[in-house]
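Here is a briefing on one protein model.

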Amino acid sequence: MGEVICPEAEKFEANAVANKSAWPWQVGLKATPNNELPSLDFLIRTYAELAENYGVGNPKRDKIPLLPYNLLISNKWFVLIPRSKEGHKGFSLNALGYAGFLLATAESNLAWLHENGPAQLLAEAAIPTH
């Protein structure tokens, strides 16, 4: 059994294999072939496909991404999460946030986080599913 790289790893894997999303926000997922380290070709094709499908843009056409987004890659899954903004309530919501690790700074509103919870914090910056 391999080392768990993030708290959401099992959820990412299960959803990528099932080709579905269990989150209330947009999450582009793709399982890697044979649970092996993905090839460069797979990474390029998957990024282009998910970026286009989730409104981030087309890397061949758009000089910069059309939306902020997070990217997480393992030997089992590739995840792209488009966002409406960079953060919320003083929290910068980078890829680690959606992987299950939140970083609080002096600007972070911990009272808001305790009242509303981490899932709501992530939802505030993510793009809701339709």
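Phe-12 touches Cys-6, Trp-23, Leu-29, Leu-72, Trp-77, Val-79, Tyr-98 and Ala-99, not counting residues up to four places away in sequence; contact means heavy atoms within 4.5 Å. This is a predicted model: local features need pLDDT of at least 70, side-chain atom pairs count only at pLDDT 80 or more, and totals for chains, interfaces and linings use all residues. Residues are numbered from 1 along each chain as its sequence is written, and side-chain values use heavy atoms, with hydrogens and water left out.

**Nonpolar cores**
- The largest nonpolar core has 23 residues (a set of buried Ala, Val, Leu, Ile, Met, Phe, Trp, Tyr and Cys residues joined through side-chain atoms within 4.5 Å).
- Phe-12, Trp-25, Leu-72, Trp-77, Val-79 and Tyr-98 have the most contacts inside this core.
- Helix H1 (9–18), S3, H3, H4 and helix H5 (118–125) each give two or more residues to it (helices are DSSP runs of H or I, at least four residues; strands are runs of E, at least two; both are numbered from the N terminus).
- A second, separate core of seven residues includes Phe-42, Tyr-47, Leu-50 and Ala-51.

**Arg-83**
- Arg-83 lies in the loop between strand S3 (77–82) and strand S4 (87–88).
- Arg-83 is buried, at 3% relative accessibility (buried is under 20% relative accessible area, exposed over 50%, partly exposed in between; 1.4 Å probe, protein chains only).
- Its side chain reaches the backbone oxygen of Leu-93 at 3.2 Å.

**Ala-104**
- Ala-104 sits in the loop between helix H3 (95–99) and helix H4 (110–116).
- Ala-104 is partly exposed, at 41%.
- Ala-104 touches Phe-91 and Leu-110, not counting residues up to four places away in sequence.

Notes:
A polar contact is a pair of N or O atoms within 3.5 Å; within protein, one must be able to donate a hydrogen and the other to accept it, and residues adjacent in sequence count only if both atoms are side-chain atoms.
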